[in-house]
Amino acid sequence: MIKRGAWRTRFGFYLLAIGSACGLGNLWRFPYVVGENGGGAFILLYVLIALAIGAPMLIAELMLGKNTRRSVMVATVKMANKSIPALKWSGRFAVILSIVVLSYYSVISGWVLHFMTQFVVSLFLESGNVSSKANLAALMSNGWLQLMLASAHLLMTIVVVAKGIHEGLEKWISYMMPLFASLVIILLVKSFSLPSTPEVLRFLFYPDFSKLTMSSLNHALGHVFFTLSVGFGTMVTYGSYMREEDHVPTAGIRVAFVDSVISLIAVMMIFPVAFQASNVPLTDPALMFEVLPSYLLGIPGGALFGLLFFICLYLAALNASIGLLEVVVSNFVDINKSMGRVKATWFSGVVALTLTVMPALSGSVFKGVKVNGKSLIEFLDSLLINWILPLVALMVLLAFNKGTAEKQKESAFLEKGQLVSYSMYPQWIFIMKWVAPAVIALGFLLQIITLF
Ligand code: PHE
């Protein structure tokens with residue numbers, strides 16, 4: 001079993017927290033959500049919410065873990081006992097949400113694995129003229145292949161998590177992150193050299209507020225929580241492993257900052273290619289998979305580039321999946337100590353695998369099942385991230401607010417010589433108490449109106 005407070009180094013914590021935050025959310029999901037919500041104005045809204053609400057809530061979740069040295073279920077039950085009993089459920093909801101999200105996240109990770117192998121094929125076996133469009137369509141209609149790829153991904157996640165945070169996660173991620181950063185930068189430079197760049201910059205950074213809809217606020221909130229891994233309990237678990245001397249607010253701000261920068265880089269990297277390719281729907285969840293592979297295969301040396309890019313994307317997906325599975329496992333281990341980490345990991349992994357069947361077959365066996373014109377996997381994504389996640393994140397926040405004494409908050413937040421400390425404490429308290437709950441409630445209200 002893991003001893004708490006067990007990161008070997010502070011670096012280990014950052015690797016995992018940032019690794020959990022930066023994933024398919026930044027590279028796959030953010031671009032099409034931006035496309036759906038019309039570009040610049042949404043990006044502005046997103047950045048504002050990430051900084052003013054996401055980062056403060058991330059700090060609260062890390063603090064909840066570090067103060068209680070427990071995972072989200074036990075931690076929130078402790079908090080809720082002191083106040084509103086219904087909030088006891090917040091931790092359970094967070095864990096259930098994590099495992100359901102892991103199930104469809106694995107399907108998308110499987111798509112990444114698919115393109116990775118396609119690049120290997122085109123690099124070594126053919127002269128590089130595989131059409132990614134045909135590939136994507138073929139993949140979408142082949143549910144069993146998707147299920148196989150998702151299972152392979154889950155299996156990999158299980159193996160890393162089962163080994164525990166020392167041997168498993170820390171080591172893996174320390175190899176992954178530098179590679180990830182360098183690849184993203186190279187690709188950004190490459191995509192910026194395309195002629196569509198000025199048009200893209202205008203689309204991304206010139207805010208046209210008339211493009212926002214009633215749902216945009218909730219889309220921004222949901223995506224901020226998703227990308228920062230807030231509302232799942234992941235950050236509570238990672239906070240519970242933090243070392244005593246580590247300063248929570250500094251850590252929270254750093255993670256939120258790096259994550260937001262990566263999201264912005266991702267859209268700047270993908271949109272020039274999408275604009276170049278013309279008639280690609282910017283709102284399609286397959287946006288990234290539709291434009292990048294064909295672009296990369298069309299340029300000299302692109303197959304190697306594509307391979308590197310998809311390896312990098314896969315590593316990001318794996319890191320994030322590790323975060324999702326780790327929540328479930330750490331909660332199991334907290335509650336049932338006799339179960340042991342390895343058993344808990346396999347058990348949760350098999351549950352996730354079972355849940356994967358439906359979304360994996362969404363484009364084939366369940367092709368006819370459409371909710372609101374959305375395929376099963378799209379519907380699942382929008383239901384979980386735009387509706388359920390903000391609600392669960394709010395419940396965890398309320399449990400934290402009610403159950404954490406002012407003194408505890410002060411002692412975790414205030415520390416001399418830290419950038420985020422005395423000067424920001426009153427604002428943080430104000431945001432936690434009023435701003436975040438009010439904005440989440442408003443987002444819901446506006447979104448509910450769109451239903452009628
Ligand atoms: N933040 C991850 C991403 O952006 C997804 C995730 C959510 C990972 C919750 C762990 C926990 O892809």
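L376 is buried, with a relative accessible area of 14%; buried means under 20% relative accessible area, exposed over 50% and partly exposed in between, with a 1.4 Å probe and protein chains only. This is a predicted model, in which local features need pLDDT of at least 70 and side-chain atom pairs count only at pLDDT 80 or more, while totals for chains, interfaces and linings use all residues. Residues are numbered from 1 along each chain as its sequence is written, and side-chain values use heavy atoms, leaving out hydrogens and water.

**Around L376**

- L376 belongs to helix α16, residues 376–403; helices are DSSP runs of H or I with at least four residues, strands are E runs of at least two, and both are numbered from the N terminus.
- Between L376 and G363 there are 8.0 Å in space, C-alpha to C-alpha, and 13 residues in sequence.

**Ligand contacts**

- Of the 14 residues around the ligand, S20, A21, G25, Y105 and F226 come nearest; a residue counts as near if one of its heavy atoms lies within 4 Å of the molecule or strand.
- A polar side-chain atom of Y105 is 2.5 Å from an oxygen atom of the ligand. A polar contact is a pair of N or O atoms within 3.5 Å.
- A backbone N or O atom of S20 lies 3.0 Å from a ligand nitrogen atom, and a backbone N or O atom of L24 lies 3.1 Å from a ligand oxygen atom.
- On its own the ligand has 320 Å² of accessible area, and the protein covers 100% of that; these areas come from the Shrake-Rupley method with a 1.4 Å probe.

**Ligand site**

- The ligand sits in the largest cavity. A cavity is a set of points, on a 1 Å grid over the protein atoms alone, where a 1.4 Å probe fits but cannot get out; a molecule sits in it if more than half of its atoms lie within 2 Å of its grid points.
- Two or more residues of the shell around the ligand come from each of α1 (10–21), α2 (24–36), α10 (216–228) and α14 (302–335).
- The largest share, 3 residues, is from α2.
- The shell holds 7 nonpolar, 7 polar and no charged residues. Ala, Val, Leu, Ile, Met, Phe, Trp, Tyr, Cys and Pro count as nonpolar, Asp, Glu, Lys and Arg as charged, and the others, Gly among them, as polar.

**Positive phi in loops**

- R69, in the loop between α3 (40–68) and α4 (72–81), has a phi near 55°, positive in a residue other than glycine. R69 is buried at 16% relative accessible area.
- S229, in the loop between α10 and α11 (234–240), is not a glycine but has a positive phi of about 60°. S229 is buried at 6% relative accessible area.

Note on methods. A polar contact is a pair of N or O atoms within 3.5 Å; within protein, one must be able to donate a hydrogen and the other to accept it, and residues adjacent in sequence count only if both atoms are side-chain atoms. On a 1 Å grid over the protein atoms alone, a cavity is a set of points where a 1.4 Å probe fits but cannot get out, and a pocket is an open set with protein on both sides within 12 Å along at least five of seven lines; lining residues have an atom within 4 Å of a point.
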